Amino acid sequence: MANERSFMNAVKWSYTANWGQKGLSSLFVVILAGILGPSEFGMVSIAIVYISFLQMFLDQGLMAALIQRKDLHDEHLDAVFWMDQVLAIVLVGISVLLSGWWATKNHAPAAAHLISVLSLDIPLMALVIVQSAILSREMSFKALSICANIPSEPDLSKNVYLVMVDRFIWPSIC
């Protein structure tokens, strides 16, 4: 009975993390679409697709390896952490170098500057990979859910604020 309750609790928190992230992301997109015009929203979408594609390369299966490894030592965690950080810096460099090409291919040259700025988020994403693997390994789905959803609230507010401020600042940069 205790195993069944523990399993159901894990499922509940896993769904909370997943649906919470998706719900907050959807809310942000709706707010962003309401604030920006079609052309600006398209430019932001092009940049976000580009950055999301690069972020896929961060994990490389190392998180799954940390979760499944029978004997996990600090050396394993350190190696994956620093490998992810180096990879993140390489991805930022690639992103900045290719941002102009991507923006031109999508007929949105102003997106190049936005992509370069959003690329700075990649190393921040790399910081949480090892910690997420540890929480997953320990089956701490409640903690994972809280970590996945709580930061989204300030991010949502900050991003909406920056979009509103950037409507006045960004045109002078681009």
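# Helices, burial and rings in a predicted model

Me: Gln85 lies in helix H4. Why does Gln85 count as buried?

Reply: Its relative accessibility is 11%, and buried means under 20% relative accessible area (exposed is over 50%, partly exposed in between, with a 1.4 Å probe and protein chains only). The value of 11% falls under that cut-off, so Gln85 is buried. Before we go on: this is a predicted model, in which local features need pLDDT of at least 70 and side-chain atom pairs count only at pLDDT 80 or more, while totals for chains, interfaces and linings use all residues. Residues are numbered from 1 along each chain as its sequence is written, and side-chain values use heavy atoms, leaving out hydrogens and water.

Me: Which residues is Gln85 in contact with, leaving aside neighbours within four places in sequence?

Reply: Pro123, Ala126 and Leu127; contact means heavy atoms within 4.5 Å.

Me: How do you know what counts as a helix here, and how many helices and strands are there?

Reply: Helices are DSSP runs of H or I with at least four residues, strands are E runs of at least two, and both are numbered from the N terminus. The protein chain has 9 helices and 0 strands. Buried residues account for 29% of its 174 residues.

Me: What makes Tyr50 and Trp102 a tilted aromatic pair?

Reply: Rings of Phe, Tyr and Trp (its six-membered ring) pair if their centres lie within 6.5 Å; planes under 30 degrees apart are stacked, over 60 edge-to-face, and the rest tilted. By this rule there are 4 aromatic pairs. For Tyr50 and Trp102, the centres are 5.6 Å apart and the planes make 40°, so they pair and are tilted. Tyr50 belongs to helix H2 (residues 38-55) and Trp102 to helix H4, which places the partners 52 residues apart.

Me: Are those two residues buried or exposed, Tyr50 and Trp102?

Reply: Tyr50 has a relative accessible area of 7%, so it is buried. Trp102, at 23%, counts as partly exposed.

Me: And why is the pair of Trp101 and Trp102 called tilted?

Reply: Their ring centres are 6.3 Å apart with planes at 50°, so this pair is tilted. Trp101 is partly exposed at 48% relative accessible area. Ring pairs join Tyr50, Trp101 and Trp102 into a cluster.

Me: How is the packing of H4 (residues 74-105) against H7 described?

Reply: Two packed helices are described by the angle between their axes and the distance between the axes. Axes are lines fitted to C-alpha atoms, for helices over the stretch in contact, with angles from 0 to 180 degrees between N-to-C directions. For H4 and H7 the angle is about 140° and the axes are 9 Å apart. Leu77, Val80, Phe81 and Asp84 in H4 meet Ile129, Val130 and Ile134 in H7.

Me: Which residues of H7 (residues 129-137) are buried?

Reply: Ile129, Val130, Ala133, Leu135 and Ser136. Just after H7, Met139 has a positive phi of about 55°.

Me: What makes a set of residues a nonpolar core, and which residues touch the most other members of the largest one?

Reply: A nonpolar core is a set of buried Ala, Val, Leu, Ile, Met, Phe, Trp, Tyr and Cys residues joined through side-chain atoms within 4.5 Å. The largest has 30 residues, of which Leu58, Leu66, Ile122 and Val130 touch the most other members. Not counting residues up to four places away in sequence, Leu58 touches residues including Leu87, Leu91, Ile122 and Ile129.
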